Amino acid sequence: MTVFHVLVNPSSGGGEAARKREVLQRVFTECGRSCEMVPVPTPRGLEAASEAAARVGAASGGVVVAVGGGGTLNTVAQAALRHGVPLGIVPQGTFNYFGRVHGVSRELEQAARALVHATPEPVQVGLVNGRVFLVNASLGLYPQLLQDREAFKKQFGRHQWVALLSGLVTLFKWRHQLQVEIEADGEVRRLRTPTLFVGNNRLQLERLGLPPQVVGRVGEGRLAAVVTRPIGTRAMLWLLLRGAFGRLGEAEDVESFDFRRLTVRVRGVRRVKVAADGEVGSMTAPIRFEVSARPLLLMGPPAQDRVAVE
């Protein structure tokens, strides 16, 4: 019998994480499925725990199951792709773009019951310098927004107004323009931009309002890139509002295109701050975005258990 090796994000708090494990254990037991709750004592231990679980799962024909937000799904997906083991998800993130595009519910018990009847499906993932991203990756302003937001949340709590305030503070203090050389599928260009965003999720790109001819190719061996021209704070605020209302593709200061491989060289910079599915880190330039030659095996729910995209 296939064993589910379940990894629950511990950052949600000891009591909440324990409750999630109890619910999942109960659901899988009721459905006659075997599961192992993989110990993850701290958020820092998630990567090592995922690696160990994926190794065991690959050797025994099991499935690794990620329970948490975008960062958790990303970390477990890294290990699943590396070892060729199927990945099950119980998404708990706010936007849940990866789960939504594959019909997986955010409701804990509903997602677990759908997982019982799921089967592995090959899914495209992106790579940035070899690191997996399921939804998006970026450099420049966007990673700084994410990093500042986390700092504000640690100080003031996880409230919507805190995220909004931190975003405004970042925008008003950000003055840096990246001078980059980009090579997309063999074509080289030089430009200045405050940020470069790469997407691997049609739903998110559609919600931003990018052109259909770009969005439609994502997932078919292509990724989508979005760059903005050098603009001031007010213009950037206007662009963010356009994105919130699904009209970013109409803005004159925004360019988008699809590609299979994209190399970015940043003038005068050796280490670049990069965000992948909301997790911010530093990478050595040049920064290479590409479609993984090996698909991720995602446990996709059967038609009757899929949740309609909202």
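User: In which sense do strand β14 and β17 pair, and over how many bridges?

Analyst: This is a predicted model: local features need pLDDT of at least 70, side-chain atom pairs count only at pLDDT 80 or more, and totals for chains, interfaces and linings use all residues. Residues are numbered from 1 along each chain as its sequence is written, and side-chain values use heavy atoms, with hydrogens and water left out. Helices (H or I, at least four residues) and strands (E, at least two) are DSSP runs, numbered from the N terminus. Two strands pair if DSSP finds at least two bridges between them. Here β14 (residues 261-266) and β17 pair in the antiparallel sense, over four bridges. Leu262 has Phe289 as its bridge partner in β17.

User: How many bridges join strand β6 to β17?

Analyst: Three, and these strands also run antiparallel. β6 covers residues 126-128. The partner of Gly126 in β17 is Val291.

User: Which side chains of β17 are buried?

Analyst: In a regular strand the side chains alternate between the two faces of the sheet. Buried means under 20% relative accessible area, exposed over 50%, and partly exposed in between (1.4 Å probe, protein chains only). In β17 (residues 287-291), Ile287, Phe289 and Val291 point to one face and are buried.

User: Is Ala225 buried or exposed?

Analyst: Ala225 counts as buried because its relative accessibility is 0%. It is found in strand β12 (residues 223-228). Contact means heavy atoms within 4.5 Å. Leaving aside neighbours within four places in sequence, Ala225 is in contact with Phe197, Val198, Glu255, Ser256, Phe257, Phe259 and Leu262. Take Ser256: it is 31 residues from Ala225 in sequence, yet the C-alpha to C-alpha separation is 5.4 Å.

User: Which residues does a cis peptide bond join?

Analyst: Most residues other than glycine have a negative phi, and most peptide bonds are trans. The cis bond joins Ala285 and Pro286, with omega about 0°. Pro286 lies in the loop between β16 (279-284) and β17.

User: What is the phi of Asn96?

Analyst: Positive, about 55°, although Asn96 is not a glycine. Asn96 sits in the loop between β4 (87-91) and α4 (97-101). With a relative accessible area of 9%, Asn96 is buried.

User: Where is Asn129?

Analyst: Asn129 is in the loop between β6 and β7 (131-133). Its phi is positive too, about 50°, although Asn129 is not a glycine. Asn129 is partly exposed, at 33% relative accessible area.
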